[in-house]
Amino acid sequence: MGPGATRNTASAAVEAVLTSIQLAAETDTKLHISHFGTFRSTPAEKLTFRPAKGFLPKDSN
């Protein structure tokens with residue numbers, strides 16, 4: 001995927017990454033992605049996300 005990728009191609013790539021995270025969270029209770037954040041699965045089968053420090057811009061209101 002490069003600069004000329006279509007919106008559909010980019011959307012499919014994001015969906016693939018999110019699906020991979022969900023599948024990994026089913027087997028591990030904690031999934032850390034460097035410089036991105038940590039995903040945790042809870043006993044209630046909810047997936048939570050804690051962003052890494054500096055992940056969100058300071059001016060994100």
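In this predicted model, β1 and β2 form a hairpin with three residues between them. H35 sits in that turn and has a positive phi of about 65 degrees. A second hairpin, made by β2 and β3, has five residues between its strands. Ring pairs also link F36, F39, F49 and F55 into a cluster.

**Sheet layout**

- Three strands make an open sheet in the order β1-β2-β3, with antiparallel pairing.
- β1 and β3 are the edge strands, and each has a single partner strand, so one side of each lacks a neighbour in the sheet.
- From one strand to the next, the twist averages 15 degrees.

**β1 with β2**

- Four bridges join β1 and β2 in the antiparallel sense.
- I33 has G37 in β2 as its bridge partner.
- H32 has T38 in β2 as its bridge partner.
- The turn of this hairpin holds H35, the residue with the positive phi.

**β2 with β3**

- Five bridges join β2 and β3, again in the antiparallel sense.
- G37 has P51 in β3 as its bridge partner.
- T38 has R50 in β3 as its bridge partner.
- E45 lies in the turn between β2 and β3 and has a positive phi of about 60 degrees.

**Aromatic pairs**

- The structure holds five aromatic pairs.
- F36 and F49 have ring centres 5.3 Å apart and planes at 45 degrees, so this pair is tilted.
- That pair links distant parts of the chain, 13 residues apart: F36 is in the loop between β1 (30–33) and β2 (37–41), and F49 is in strand β3 (residues 47–51).
- F36 also pairs with F55, with 4.8 Å between the centres and 80 degrees between the planes.
- The pair of F36 and F55 is edge-to-face, because an angle over 60 degrees counts as such.
- F55 lies in the segment after β3 and F36 in the loop between β1 and β2, so their pair ties together parts 19 residues apart in sequence.

**Exposure of the rings**

- F36 is partly exposed, with a relative accessible area of 31%.
- F49 is partly exposed, with a relative accessible area of 33%.
- F55 has 33% relative accessibility and counts as partly exposed.

Conventions: Residues numbered from 1 in each chain as written. Predicted model: local features only at pLDDT ≥ 70, side-chain atom pairs only at ≥ 80, totals over all residues. Heavy atoms only, no water. Phe/Tyr/Trp six-rings, centres within 6.5 Å; stacked < 30°, edge-to-face > 60°. Helix = DSSP H or I, 4+ residues; strand = E, 2+ residues; numbered from the N terminus. Buried < 20%, exposed > 50% of the residue type's maximum accessible area, 1.4 Å probe, protein only. Pairing = 2+ DSSP bridges. Axes fitted to C-alpha atoms, helices over the stretch in contact; angles between N-to-C directions.
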